[in-house]
Amino acid sequence: MYRFRQAGPREPFRTQILDVHRLVGAESLAGIQWGASYDGNRLYVATYGANPGTLFALDPGDGRILWRTPNPANGCLLDLPPVPMDPLRQESMPNAVSSSPGLVYEGSLDGKMRVFAADTGAILWEYDTHRPYFTVNGVPGIGGGLNGNGAVVANGMLYTNSGYAHPITTGMPGNVLLAFGLP
């Protein structure tokens, strides 16, 4: 994670690197993959494969880690045949992070959508999206890993896709868009 500042008012496109904070090791897919979220107080980032993937809250002023919550080991509950590196149910958090006042939303390749407390990182809610669904258009639906775009939170609803399979990052395939009413 790099922190920059503008070099000067006459050079708006030239920056200085103030400091560098390494959240995880230097492995190929270990770091931040899709995106971060800022709620006006904290910057939230999640790591793909930091053994396990981890959600971080950072102070945007100095880059300090305010809290970190690793992907829980309870995410991989399927009885799958042994596969090298367990590519279907990874404890990775590659999704772009989303946030709203007091809450942080992050999906995982283990198929779980989770909501975290913005001030502590405590997991407040969890839903396993890896299951069959009856869909509104009658097409058979199945949930899978969450990877890519982050959740959308609007008008009292949480929307997320479920299902992601890619030859490089692997993951569980699926084909659903899920909508949850928020309390």
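Asp39 is partly exposed, because its relative accessibility is 24%; buried means under 20% relative accessible area, exposed over 50%, and partly exposed in between, with a 1.4 Å probe and protein chains only. A salt bridge here is a side-chain nitrogen of Lys or Arg within 4 Å of a carboxyl oxygen of Asp or Glu.

The model is predicted: local features need pLDDT of at least 70 and side-chain atom pairs count only at pLDDT 80 or more, while totals for chains, interfaces and linings use all residues. Residues are numbered from 1 along each chain as its sequence is written, and side-chain values use heavy atoms, with hydrogens and water left out.

The structure holds six salt bridges in total. Arg64 takes part in a salt bridge with Asp59, at 3.1 Å between the closest N and O atoms. Arg64 also meets Asp62 in a salt bridge, at 2.8 Å from N to O. Asp62 counts as partly exposed at 29% relative accessibility, and Arg64 as partly exposed at 45%. Elsewhere, salt bridges with shared partners join Asp110, Lys112, Arg114 and Glu126 into one network.

A nonpolar surface patch is formed by Val152, Tyr159 and Leu177, with about 290 Å² of accessible area together. Patches are made of residues with over 30% relative accessible area and no salt bridge, like charges being joined within 9 Å and nonpolar side chains (Val, Leu, Ile, Met, Phe, Trp, Tyr) within 5 Å; accessible areas come from the Shrake-Rupley method with a 1.4 Å probe, and for residues only the protein chains shown count as cover. Tyr159 is partly exposed, with a relative accessible area of 31%.
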